[in-house]
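Here's a quick walk through one chain, going from the overall fold down to single residues. Have a look at the structure first, then read on.

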Amino acid sequence: MIKRTLFYMSKMLLTQLDKGEDYSCLNRTVTINILNFNYLDEERFIKNYALFEKTTKQSLTDLLELIFIELPKFNHYKEKHKWNIQDKEFNEKLYKWLMFL
């Protein structure tokens, strides 16, 4: 899944420029992977990755962003916290979209 994501992200970057165009014309590229299975370690259902320096954690660029959302973990989180329609967290847009999915 990770290799597939990087491959498609690379294609999205490559198609942004024609030969001879300036690299400053590249747009921010974000992949959002909505998975109907558990894939990555850790309990959190949403993980956001970027390019950064390993030691200092300083960001290199915001040009690339990889997001993974694991629906089974979201469903577990939702059940564990017993959401109801009045909950502030429940009303956030992301949560509404995930409930829809």
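## Contacts, shape and cores

Let's start with contacts, meaning heavy atoms within 4.5 Å. Among those in the chain between residues at least 6 apart in sequence, 57% join residues at least 24 apart.

A word on where this comes from: the model is predicted, so local features need pLDDT of at least 70 and side-chain atom pairs count only at pLDDT 80 or more, while totals for chains, interfaces and linings use all residues. Residues are numbered from 1 along each chain as its sequence is written, and side-chain values use heavy atoms, with hydrogens and water left out.

The chain holds 3 helices and 3 strands, in the order α-β-β-β-α-α from the N terminus. These are DSSP runs numbered from the N terminus: H or I of at least four residues for helices, E of at least two for strands.

How does the overall shape come out? The numbers are in the table, with the radius of gyration taken over C-alpha atoms and the globule rule being 2.2 Å times the number of residues to the power 0.38.

| Quantity | Value |
|---|---|
| Radius of gyration, chain | 17 Å |
| C-alpha span along principal axes | about 55 × 30 × 25 Å |

Now for the insides. A nonpolar core is a set of buried Ala, Val, Leu, Ile, Met, Phe, Trp, Tyr and Cys residues joined through side-chain atoms within 4.5 Å. The largest one has 7 residues: Phe45, Ile67, Ile69, Leu71, Phe74, Tyr95 and Leu98. Strand β3 (59–70) and helices α2 (71–80) and α3 (93–100) are the elements that give two or more residues to this core. Apart from it lies another core, of 6 residues, including Met9, Leu64, Leu66 and Phe68.

Ile69 is worth a click: leaving aside neighbours within four places in sequence, Ile69 is in contact with Ile32, Asn33, Ile34, Leu35, Phe45, Ile46, Leu94 and Leu98.

Over in strand β1 (residues 29–35) sits Val30. Is Val30 buried or partly exposed? Val30 counts as partly exposed because its relative accessibility is 31%. Beyond neighbours within four places in sequence, Val30 is in contact with Met9, Met12, Glu65 and Ile67. Thr61 is 31 residues from Val30 in sequence, and their C-alpha atoms are 12 Å apart in space.

Notes. Buried < 20%, exposed > 50% of the residue type's maximum accessible area, 1.4 Å probe, protein only.
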